[in-house]
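Welcome, and thanks for opening the viewer. Follow along and select each item as we reach it.

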Amino acid sequence: MRIADVLRSKGSAVATITPQTSVAGLLTELAVHNIGAMVVVSPDGLAGIVSERDVVRALHRRGADLLTCPVSEIMTSLVATCSPDDTVDSLSALMTNNRVRHVPVMDNGRLVGIVSIGDVVKTRMEELEAQQEQLQAYITRG
């Protein structure tokens with residue numbers, strides 16, 4: 001299965017923020033959208049990604065003053081991305097190798113979606129269920 005199929009199923013909406021957004025603003029947006037990471041965009045395009053984990057680690061190091069700092073101070077700038085034509089299996093390997101849970105989907109330099117580890121697991125579960133149904137149908141037909 002391709003990433004384009006995953007996006008067709010889950011939708012391509014991506015919650016984004018700017019590098020200047022405060023960490024407090026980021027936390028508000030994460031809560032409002034009930035998500036664990038946000039893509040950071042600037043006028044030049046993809047600037048980074050920032051997750052709940054980034055906030056927790058930075059809070060541990062810097063304390064509550066972090067909440068007024070811009071997201072650019074804690075975001076990951078070197079972002080692992082994928083394309084709509086990539087397979088879910090290749091994305092799974094990318095996530096494992098880079099130890100990331102959220103991967104922006106880029107198409108010709110444009111942000112067209114985001115895929116989380118939860119989306120990958122859901123896709124694999126659906127594939128396994130379909131295989132099981134096919135096997136059961138094959139066995140019962142004898």
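## A nonpolar patch to begin

Start by selecting Ile117, Val121, Met125 and Leu128, which make up a nonpolar patch on the surface with about 320 Å² of accessible area together. Keep in mind throughout that this is a predicted model. Now pick out Leu128 from that group: Leu128 sits in helix H5. Its relative accessibility is 41%, so Leu128 counts as partly exposed.

## Stepping back to the whole chain

Zoom out and colour by secondary structure. The protein has five helices and five strands. Trace the elements from the N terminus and you will read α-β-α-β-β-α-α-β-β-α. Along the principal axes, the C-alpha atoms fill a box of roughly 70 × 35 × 30 Å. How much of the protein is buried? Of its 142 residues, 33% are buried.

## The annotated ranges

Then switch to residues 75-130, where the chain is 45% helix and 23% strand, with 38 Å between the end C-alpha atoms.

## Salt bridges

Side chains of opposite charge can pair when their charged atoms come close. How many salt bridges does the structure hold? There are six, and we will visit some of them.

Go to Lys10 and Asp119 first. These two form a salt bridge, with the closest N and O atoms 2.9 Å apart. Lys10 belongs to helix H1 (residues 3-10) and Asp119 to helix H5 (residues 117-141), so this pair ties together parts that are 109 residues apart in sequence.

Now select Glu73 and Arg62, whose side chains meet in a salt bridge at 2.7 Å, N to O. Glu73 is in the loop between H3 and helix H4 (88-98), while Arg62 is in helix H3, so the pair ties together parts eleven residues apart in sequence. Glu73 counts as partly exposed, with 43% relative accessibility. Arg62 is partly exposed too, at 37%.

For the next stop, return to helix H5 and select Glu126 and Lys122. Their side chains meet in a salt bridge of 3.6 Å, N to O. Both residues lie in helix H5, four residues apart, which is about one turn of the helix. Glu126 is partly exposed, its relative accessible area being 38%, and Lys122 is partly exposed at 46%.

How far apart are the C-alpha atoms of Lys122 and Val6? They are separated by 9.5 Å, although the two residues are 116 residues apart along the chain.

## A patch of positive charge

Clear the selection and pick Arg53, Arg57, Arg61, Arg99 and Arg101. These arginines gather in a patch of positive charge on the surface. To place one of them, look at Arg57, which is in helix H3 (residues 52-62). Another member, Arg99, is found in the loop between H4 and strand E4 (102-107).

## Two residues with positive phi

Stay on Arg99 and check its backbone angles. Phi of Arg99 is near 55°, a positive value in a residue other than glycine. Is Arg99 buried or exposed? Its relative accessible area is 77%, so Arg99 is exposed.

Finally, move along to Asn108, in the loop between E4 and strand E5 (110-116). What is phi of Asn108? The angle is near 55°, again a positive value in a residue other than glycine. Asn108 is exposed, with a relative accessible area of 78%.

Methods
Residues are numbered from 1 along each chain as its sequence is written. This is a predicted model: local features need pLDDT of at least 70, side-chain atom pairs count only at pLDDT 80 or more; totals for chains, interfaces and linings use all residues. Side-chain values use heavy atoms; hydrogens and water are left out. Patches are made of residues with over 30% relative accessible area and no salt bridge: like charges are joined within 9 Å, nonpolar side chains (Val, Leu, Ile, Met, Phe, Trp, Tyr) within 5 Å. Accessible areas come from the Shrake-Rupley method with a 1.4 Å probe; for residues, only the protein chains shown count as cover. A salt bridge is a side-chain nitrogen of Lys or Arg within 4 Å of a carboxyl oxygen of Asp or Glu. Lys and Arg count as positive and Asp and Glu as negative; His and the chain ends are not counted. The place of a charge is taken as NZ of Lys, CZ of Arg, CG of Asp or CD of Glu. Helices (H or I, at least four residues) and strands (E, at least two) are DSSP runs, numbered from the N terminus. Buried means under 20% relative accessible area, exposed over 50%, partly exposed in between (1.4 Å probe, protein chains only).
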